[in-house]
Amino acid sequence: MDLSVVVPTLNGRDRLHSSLDALSSVAPSAEVVVVNGPSSDGTTGMVRARTDVDTLVEISERNVNVARNAGFEVATGDVVAFVSYDLAVEESWHDGLVAAFDDGADVVTGPTHRTVPAGMTTETEERRSIAGRSVTYFNGDNAAFRRGALTALDGFDEYLQTGGARDAAHRIAVMRYDVDWHSDMCVRGEYETDGGREPEDWQWKYRALAYRMVKNYGIRPTVARRTLTDALGDGVSSLRDVVTGARRPSEWLGSGRAVAKGLVVGAKDGLAARKADRSPRRNPNGVSTRADRAVCRYDIASTAD
């Protein structure tokens, strides 16, 4: 098995350095492709100075799905994995990945272990039945695909700024590819403890939800129930914050308007996308739709030779 690992990054030089160190240790024979968004922290120079990165691709867009597709375009392995710049693969990661593909999986994912002040968090397999379809979700920051499956999907949907992996999970389900959860294919990361995590973008969260649900399933009661249930759940949770004084009433109302706008725009765009690509892959914004993602490409391995 020839493995390529795509690492999208944006202004995360130090964490990327640690992530690449872990990859070099755990999967030294893998082809490593770093896709750098418009970073301004010296990422380009750091990556070009390394000897364990094969290719560096520079892009101009702050969109992780564009970065994933740009990496897939240049990766050469028959298995293509994606690992976020702020996560480090653990010792069992490569063996877990290989075992899952040897067992016949088309897509493999695993848990993320995160260190938080109270200890450590992890994840379990997530499945859901939607409109009679069994969907197995995967973590887009730690996932690997057989090249044929990723090609059939035409990569990730670049309309989405968030939720690209969940959208792909719906499309994988309808195309009947096998998604395997392997606990050994694990990565680790640390939450920011100084308040550095970005606040929730309610409009994009629900724009992405409505878009992927309508695009993949059309307008039906199941879709409306799913989106409204999520919106009501977040609304009640936010209202509790108002009652406890953790959030101002004006913020709660503003979040509600953002959610409503996101649902309307996402549903409209989802319908347009469903009409634009009627094939099972449902991806009118995939790898094949453009050829201008890369601003610059450095073939570091060949230069080092």
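Predicted model: local features only at pLDDT ≥ 70, side-chain atom pairs only at ≥ 80, totals over all residues.
**View 1. Strand E3, covered from end to end.** Strand E3 (residues 55-59) is mostly covered, with five of its five residues buried. Buried here means under 20% relative accessible area, while exposed means over 50% and partly exposed is anything in between (1.4 Å probe, protein chains only). Strands (E, at least two residues) and helices (H or I, at least four residues) are DSSP runs, numbered from the N terminus. In a regular strand the side chains alternate between the two faces of the sheet. In E3, Thr55, Val57 and Ile59 point one way, Leu56 and Glu58 point the other way, and all are buried. Look for valine 33, which sits opposite threonine 55 in E3.

View 2. Residues are numbered from 1 along each chain as its sequence is written, and side-chain values use heavy atoms, with hydrogens and water left out. The pLDDT, which is the predictor's confidence in each residue from 0 to 100, averages 90 over the protein, and 90% of the residues score at least 70. Residues 193-197 are the stretch to treat with care: pLDDT is below 50 there, and beyond near neighbours in sequence the stretch has three contacts in the model. A contact means heavy atoms within 4.5 Å.

**View 3. The eight-stranded sheet.** Eight strands form an open sheet with mixed pairing, in the order E12-E6-E11-E4-E1-E2-E3-E14. Strand E12 (179-181) and strand E14 (294-299) stand at the edges with a single partner strand each, so one side of each is left without a neighbour in the sheet. Neighbouring strands of this sheet are turned by 20 degrees against each other on average, direction ignored. The axes behind that angle are lines fitted to C-alpha atoms (for helices, over the stretch in contact), and angles run from 0 to 180 degrees between N-to-C directions. Strand E1 (residues 3-9) runs parallel to strand E4 (residues 79-83), and four bridges join them. Leucine 3 stands opposite valine 79 in E4. As for what counts as pairing, DSSP has to find at least two bridges between two strands.

**View 4. The four-stranded sheet.** Here the order is E5-E13-E7-E8, again an open sheet with mixed pairing. Strand E5 (88-89) and strand E8 (119-121) are the edge strands, and each pairs on one side only. E5 runs antiparallel to strand E13 (residues 187-190), with two bridges joining them, and alanine 88 has arginine 188 as its bridge partner in E13. Strand E7 (residues 112-116) is mostly covered, with four of its five residues buried. On to E8: E7 pairs with E8 in the antiparallel sense over three bridges, and the two form a hairpin with two residues between them. Valine 116 stands opposite glycine 119 in E8.

View 5. Contacts link 17 residues of domain 1 with 15 residues of domain 2. The area buried between the domains is about 1400 Å², of which carbon and sulfur atoms give 53%. Ile130, Ala131 and Tyr159 supply 37% of the area that domain 1 buries against domain 2, more than any other three residues. Buried area is the accessible area (1.4 Å probe) that two parts lose on being put together, summed over both.

**View 6. Tyrosine 206 in helix H7.** Tyrosine 206 lies in helix H7 (residues 202-217) and is buried, with a relative accessible area of 0%. Its C-alpha atom is separated by 8.9 Å from that of valine 264, 58 residues apart along the chain.

**View 7. Two positive phi angles.** Aspartate 154 has phi near 60 degrees, a positive value in a residue other than glycine. Aspartate 154 sits in the loop between helix H5 (147-153) and helix H6 (164-174) and is buried, at 6% relative accessible area. Arginine 176 is also a residue other than glycine with a positive phi, near 65 degrees. The place of arginine 176 is the loop between H6 and E12, and at 75% relative accessibility arginine 176 counts as exposed.
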